Amino acid sequence: MLFCGSPASSNSSSTNNSSGSSSGSESSGGSSSEEPLPANNGVENIGLAVFKHDKLVGKLTTTETLCNLIVTNKLKNCRLSIPDPEDENKAIDMFLNSETTPKIKVNIINGTPYIHLSVKMNSRVASINQISEYITNERIAKIEDSASYYLKTHLLNYLYKTSKEFNSDISGTGKYALNQFKTNSEFEAYNWLDNYENAFFNVDAKIHIRSNFLLTGT
């Protein structure tokens, strides 16, 4: 999988989540196992350093960083390479941009957070020649399904990594749990960070290829 994209704002060197200081924070510039990927606006996507209570607890790869941008609605656009559903030895390059703001819903059941994320993105294929000399509705549907499943898998892996490995809510999902409590004092007493490590996640990801987003062959 190759992610290469542009953040919605280049002023993102450090972010603290609005769900409270106990939710953790992220800071760009940390090294990762992947090489930085250049974006169209000249900004490089590099791994993020993850902090908890001002202590470094880990680093995100480039792909995980892009997942963070998607969840936090900071991604302007990106390029995604997915396996060709009809030939696993080939890849298809797609340009993505957010269709709507990601929807996040949190339910607290028996003290455990259940976090649901819904992401919808528009896309266009980088080159018609990559998918075949002919385009059919069935072919496009297969690519959409493959891309949607691929994105869903990476988003789930990213979210569970923040929860189980980092125990740091760098996506700020805690703010969506506020409606589960009558007062801010109840939310503070719940101690979101201590319970975030026990969270379960569900992701719906849909990538839609619009007919007018198909590029001509090269």
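1. Relative orientation of H1 and H2. In this predicted model, helices H1 and H2 are roughly perpendicular to each other. H1 covers residues 62–71 and H2 covers residues 137–165; the two pack at an angle of about 95°, and their axes are 9 Å apart. An angle of 65 to 115 degrees counts as roughly perpendicular, and the pair is therefore placed in that class.

2. Residues at the helix contact. On the H1 side, the contact is made by Thr63, Glu64, Cys67, Asn68, Ile70 and Val71. H2 contributes Leu151, His154, Leu155, Tyr158 and Lys161. Sorted by class, the contact of H1 with H2 comprises six nonpolar, three polar and two charged residues. An α-helix has 3.6 residues a turn, so residues three or four places apart point the same way. On H2, the contributing residues include Leu151, Leu155 and Tyr158.

3. Just after H1, Asn73 adopts a positive phi of about 60°.

4. Lys152 of H2. Lys152 is located in helix H2. Its relative accessibility is 30%, and Lys152 therefore counts as partly exposed. Leaving aside residues up to four places away in sequence, Lys152 touches Val203 and Ala205. The C-alpha atoms of Lys152 and Asn202 are separated by 9.2 Å, although these residues are 50 residues apart along the chain.

5. Aromatic pairs. The count of aromatic pairs comes to seven. In the pair of Tyr190 and Trp192, the ring centres are 6.5 Å apart and the planes stand at 40°, so this pair is tilted. Tyr190 counts as buried at 14% relative accessibility, and Trp192 is buried with a relative accessible area of 2%. For Tyr196 and Phe201, the ring centres are 6.0 Å apart and the planes are at 80°, so the pair is edge-to-face. Both Tyr196 and Phe201 are buried.

6. Aromatic cluster. Which residues form one aromatic cluster? The cluster is formed by Tyr160, Phe181, Phe187, Tyr190, Trp192, Tyr196 and Phe201. The tilted pair of Tyr190 and Trp192 and the edge-to-face pair of Tyr196 and Phe201 thus both draw on members of this cluster.

7. Charge over a ring. Where does the charged end of Lys164 sit? The charged end of Lys164 sits over the ring of Phe200, at 5.8 Å from the ring centre.

8. Lys76 in strand E8. Lys76 belongs to strand E8, which spans residues 75–84. With 53% relative accessibility, Lys76 counts as exposed, the cut-off for that class being over 50%. The C-alpha atoms of Lys76 and Asn97 are separated by 6.2 Å, and these residues are 21 residues apart along the chain.

9. The chain overall. Four helices and twelve strands are present in the chain. Of its 218 residues, buried residues make up 46%. Among contacts between residues at least 6 apart in sequence, 70% join residues at least 24 apart.

Note on methods. Residues are numbered from 1 along each chain as its sequence is written. This is a predicted model: local features need pLDDT of at least 70, side-chain atom pairs count only at pLDDT 80 or more; totals for chains, interfaces and linings use all residues. Side-chain values use heavy atoms; hydrogens and water are left out. Axes are lines fitted to C-alpha atoms, for helices over the stretch in contact, and angles run from 0 to 180 degrees between N-to-C directions. Angles under 35 degrees count as roughly parallel, over 145 as roughly antiparallel, 65 to 115 as roughly perpendicular and the rest as oblique. Contact means heavy atoms within 4.5 Å. Ala, Val, Leu, Ile, Met, Phe, Trp, Tyr, Cys and Pro count as nonpolar, Asp, Glu, Lys and Arg as charged, and the others, Gly among them, as polar. Rings of Phe, Tyr and Trp (its six-membered ring) pair if their centres lie within 6.5 Å; planes under 30 degrees apart count as stacked, over 60 as edge-to-face and the rest as tilted. Buried means under 20% relative accessible area, exposed over 50%, partly exposed in between (1.4 Å probe, protein chains only). A charge sits over a ring if NZ of Lys or CZ of Arg is within 6 Å of the ring centre and within 35 degrees of the ring normal.
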